[in-house]
Amino acid sequence: MALQKIELEETDCFSPIFLDYVKGAPELEEFYGARPTLESFKAQIDTKSNFFSEETRTVLASSIKRQYKDLHLSPLFEQHLERLRSDKTFTVTTGHQLNIFTGPLYFIYKIVTVINTCKVLKTTYPEYNFIPMYWMASEDHDFEEISYFNLFGKRHTWETSQKGAVGRFSTEGLQTILEELPEGTRFFENAYKEQPNLAAAVRAYVHHLFSEEGLVVLDADDADLKGLFRQVMREDTDLHSAKKAVERASSLLDDIGYKTQVHPREINFFYLDKGIRSRIEKKGELYRVVDSPLEFTRAELLDIIENEPEKLSPNVVLRPLYQEMILPNLGYIGGPGELAYWLQLKGVFEAHGTPFPILMPRNFAMILGRSLNKKFKKTGMSIQDLFLEKDLLVKRYVQENTENELRLDEEKVALSKVFDDIIEKGSGIDPTLRKMMEAQRQRALNSVEDIEKRLLKAEKRNHETQLNQVETLKDALFPDSSLQERTDNFLNFYLNDPNFINLLLKSFSPFDFRFNVLLEN
């Protein structure tokens, strides 16, 4: 495949705060730690080394080993498990929801980015070990967001009435979808049929796809790991420092014109149990679980934290802190929305004396298979043209591929000049006529613009075949007017090329923050 790269700004697909972060805008410097550069990681290693304890490493390594007890481990994976206990070993992490059948394509891009980042770091700092980590959002309870995926233009949806943390869901009901899938997806069938819940199934198929690269999948819905977070649980229920820190950052970001998306609460934990993940609120002297009859005294809540910490689940404000407290982590790899809300959280880390990770943008990409690339070459367009709105793309294509003059700019200038003379003469006779004459000029210019539109429409008919190809291309690469990576599933490409993931690993560069376009010849 050929690879072309374009600047993120040229796609018109990313928020101002994300683009400014990538460019290193000075307005955002106080909201993060180190810049996402290769050189920044050495200082981050030193910072994390002084923070992370041997005890935490032991708990982490034991939890991961337990979670993987039923899976076949590659030699590299086994090395990683052993190396986790060493103070020379660090992680780079990405996180994602438990979308069925991997969900949108960019989930794969995230993992490829984290793997490649670790490879580059190992080459640059060979005295240390770097482990790529995928943090499963197993405690998320927004089932609707993970319940479907798109394959070859068809939407497949999982129907289930289960409630609570999705990682604990039984995979019952996925058999219907499995029966509709083409050959070459046995690893999904094995995962969903053999594993006890959705989190275990996701671990199994991600391990199948990436075990040879040493990727470690972590389920933080774990009693031992939650035990490492007890102090934050106690503090958040009483002092509410996270709420104050995030509100301060949000106010500052709002003041300089950025839209914020995380809204903290006084208590930033959910109560988590079978079939339930609901917010905890303090009402008077009691701690109540929203939308349930459950309520606790302070002493009872502290007892849960001490003896059943797995029953508390951090929300979006504290989940990143939980991650950084239980992992020897250097950097977090995420998309535009994720990195934007991380910029609201630095104060939370400072309040708990925890190093803030380097925020790394994931790789972004669009893939033109052989058929689409053939159509693309026939159009004569540039890669940048593909990112235009469809109407503008069609208009530009017609204007650039016609021998006729479709724009009447000179005529509009001449017409406006005629009216300038008329208005000057008329105003000298009767100034009250100026308003009427200005209105007449605008009507005349509007008529010329209407003629322009009719000329363009007529010329479109002359290019109907070519325009159909342009629109087909645009719809395929931007399904539902969204980026391909946010809609299509990786099976769209993997089933035709089992080497697809290796192709991405070879093509993507983790410290190159441009948009990748892969074109199959």
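The legends below describe close-up views of a predicted model. Local features are given where pLDDT is at least 70, side-chain atom pairs count only at pLDDT 80 or more, and totals for chains, interfaces and linings use all residues. Residues are numbered from 1 along each chain as its sequence is written, and side-chain values use heavy atoms, with hydrogens and water left out.

**View 1. An open sheet of 3 strands, in the order 1-15-14, with mixed pairing.** Strands (E, at least two residues) and helices (H or I, at least four residues) are DSSP runs numbered from the N terminus, and two strands pair if DSSP finds at least two bridges between them. Strand 1 (2-6) and strand 14 (364-368) stand at the edges, each with a single partner strand, so one side of each is left without a neighbour in the sheet. Neighbouring strands of this sheet are turned against each other by 20 degrees on average, direction ignored. Strand 1 runs antiparallel to strand 15 (residues 515-519), and 5 bridges join the two; within this pairing, Lys5 has Asn516 of strand 15 as its bridge partner.

**View 2. Helix 17 and helix 23 against the strands of the sheet.** Helix 17 (residues 370-379) lies across strand 14 and strand 15 and runs at about 85 degrees to strand 14. Helix 23 (residues 500-507), in turn, lies across strand 1, strand 14 and strand 15, running at about 130 degrees to strand 15. Axes are lines fitted to C-alpha atoms, for helices over the stretch in contact, and angles run from 0 to 180 degrees between N-to-C directions; contact means heavy atoms within 4.5 Å.

**View 3. The hairpin of strand 4 and strand 5, with 2 residues between the strands.** Strand 4 (residues 148-151) and strand 5 (residues 154-157) pair in the antiparallel sense over 4 bridges, and Leu151 stands opposite Lys154 of strand 5. Phe152 is found in the loop between strand 4 and strand 5, where this residue has a positive phi of about 50 degrees although it is not a glycine. With a relative accessibility of 48%, Phe152 counts as partly exposed, on a scale where buried means under 20% relative accessible area, exposed over 50% and partly exposed in between (1.4 Å probe, protein chains only).

**View 4. Asp12, in the loop between strand 1 and helix 1 (16-23).** The phi of Asp12 is near 55 degrees, a positive value in a residue other than glycine. Asp12 counts as exposed, at 70% relative accessibility.

**View 5. Asp221, in the loop between strand 6 (216-219) and helix 10 (223-227).** Asp221 counts as buried at 17% relative accessibility. Its side chain makes a polar contact with the side chain of Arg168 (2.8 Å), where a polar contact is a pair of N or O atoms within 3.5 Å; within protein, one must be able to donate a hydrogen and the other to accept it, and residues adjacent in sequence count only if both atoms are side-chain atoms. Leaving aside residues up to four places away in sequence, Asp221 touches Ser138, Glu139, Arg168, Lys226, Leu272 and Glu310.

**View 6. Helix 9 (residues 198-210) and its surroundings.** The 13 residues of helix 9 reach 18 Å from the first C-alpha to the last, close to the 18 Å expected at 1.5 Å a residue, the expected span being 1.5 Å times one less than the number of residues. At the start of helix 9, a side-chain oxygen of Asn197 reaches to within 3.3 Å of the backbone nitrogen of Ala199. Val206 touches Phe107, Ile111, Tyr134, Ser211, Leu215 and Val217, not counting residues up to four places away in sequence.

**View 7. The largest nonpolar core, with 155 residues.** A nonpolar core is a set of buried Ala, Val, Leu, Ile, Met, Phe, Trp, Tyr and Cys residues joined through side-chain atoms within 4.5 Å. The residues with the most contacts inside this core are Phe101, Tyr192, Val206, Phe210, Leu386, Phe490 and Phe515. Helix 5 (residues 106-124) supplies the largest share of the core, 10 residues.
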